[in-house]
Amino acid sequence: MQDFYADAMQHPLLGPVFAAELDSRRDAHLDRMVDFWSTVMLGTRSFRGNLVQRHMQLKGVSPAHFDAWIQLWTRHTHERFDSAATYRLRRVAHDIGRQLFTQCFAESSTPRTPAADQAKAPPDTSAD
């Protein structure tokens, strides 16, 4: 998880959003993400919060951010887990990504950009 978020922070598209939002709270965010994925994948119930609401507050996020995040996630899960775990992690990430994407762009009451109007949910590569 630490390597993934370190790469996200260095990513040319994702990094500025993470830096603007998290600044000095990076470690706390990483702890929350560990709790989140532990809850989702292992059923630990250690995460509490509203994922969609929180991500709707982010500034400067475009459909391209979703694609960049899922590509980075796909690379990291492929490098670190067996095929069954990789499939599950990707499937969950894609499902969450589609939900967030829909909430952020398809149902937004704010004006959308032409890129957002033409964008589709990130491709499903879970069968890789």
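What share of the 128 residues of the chain count as buried?

1. **Basis of the note.** The model is predicted; local features need pLDDT of at least 70, side-chain atom pairs count only at pLDDT 80 or more, and totals for chains, interfaces and linings use all residues. Residues are numbered from 1 along each chain as its sequence is written, and side-chain values use heavy atoms, with hydrogens and water left out.

2. **Burial and surface.** Of the 128 residues, 34% count as buried, where buried means under 20% relative accessible area, exposed over 50%, and partly exposed in between (1.4 Å probe, protein chains only).

3. **Secondary structure and contacts.** The chain holds seven helices and zero strands. These elements are DSSP runs numbered from the N terminus (helices: H or I, at least four residues; strands: E, at least two). Among contacts between residues at least 6 apart in sequence, 67% join residues at least 24 apart; a contact means heavy atoms within 4.5 Å.

4. **Helix α6.** Residues 83–106 form α6, whose 24 residues reach 32 Å from the first C-alpha to the last, close to the 34 Å expected at 1.5 Å a residue. The expected span is 1.5 Å times one less than the number of residues in the helix. The N-terminal end of α6 is capped by Asp82, with a side-chain oxygen 3.1 Å from the backbone nitrogen of Ala84. Buried residues of α6 include Thr86, Leu89, Arg90, Phe101 and Phe105.

5. **Helix α5 and Thr77.** The end C-alpha atoms of α5 are 26 Å apart, which agrees with the 26 Å that its 18 residues should span at 1.5 Å a residue. Among the buried residues of α5 are His65, Phe66, Trp73, His76 and Thr77. Thr77 counts as buried because its relative accessibility is 2%. Leaving aside neighbours within four places in sequence, Thr77 is in contact with Thr86, Leu89 and Arg90.

6. **The largest pocket.** About 820 Å³ of space lies in the largest pocket. Of the 32 residues that line this pocket, the closest to its centre are Phe18, His29, Leu51, His55 and Leu58. Helices α2, α3, α4, α5 and α6 each supply at least two lining residues, and the largest share, seven residues, comes from α6. On a 1 Å grid over the protein atoms alone, a pocket is an open set of points where a 1.4 Å probe fits, with protein on both sides within 12 Å along at least five of seven lines; lining residues have an atom within 4 Å of a point.

7. **Gly60.** Gly60 is found in the loop between α4 (51–56) and α5 (63–80). Gly60 is exposed because its relative accessible area is 62%. Not counting residues up to four places away in sequence, Gly60 touches Val17 and His65. The C-alpha atoms of Gly60 and Ala20 are separated by 9.7 Å, although the two residues are 40 apart along the chain.

8. **Positive phi values.** Most residues other than glycine have a negative phi. Asp23, in the loop between α2 and α3, has a positive phi near 45 degrees and is exposed, with a relative accessible area of 56%. Arg45, in the loop between α3 and α4, has a positive phi of about 60 degrees and counts as exposed at 64% relative accessibility.

Definitions and conventions:
Polar contact = N/O pair within 3.5 Å; in protein donor to acceptor, adjacent residues only side chain to side chain. Points joined across faces, edges and corners; volume = space filled by probe spheres on them.
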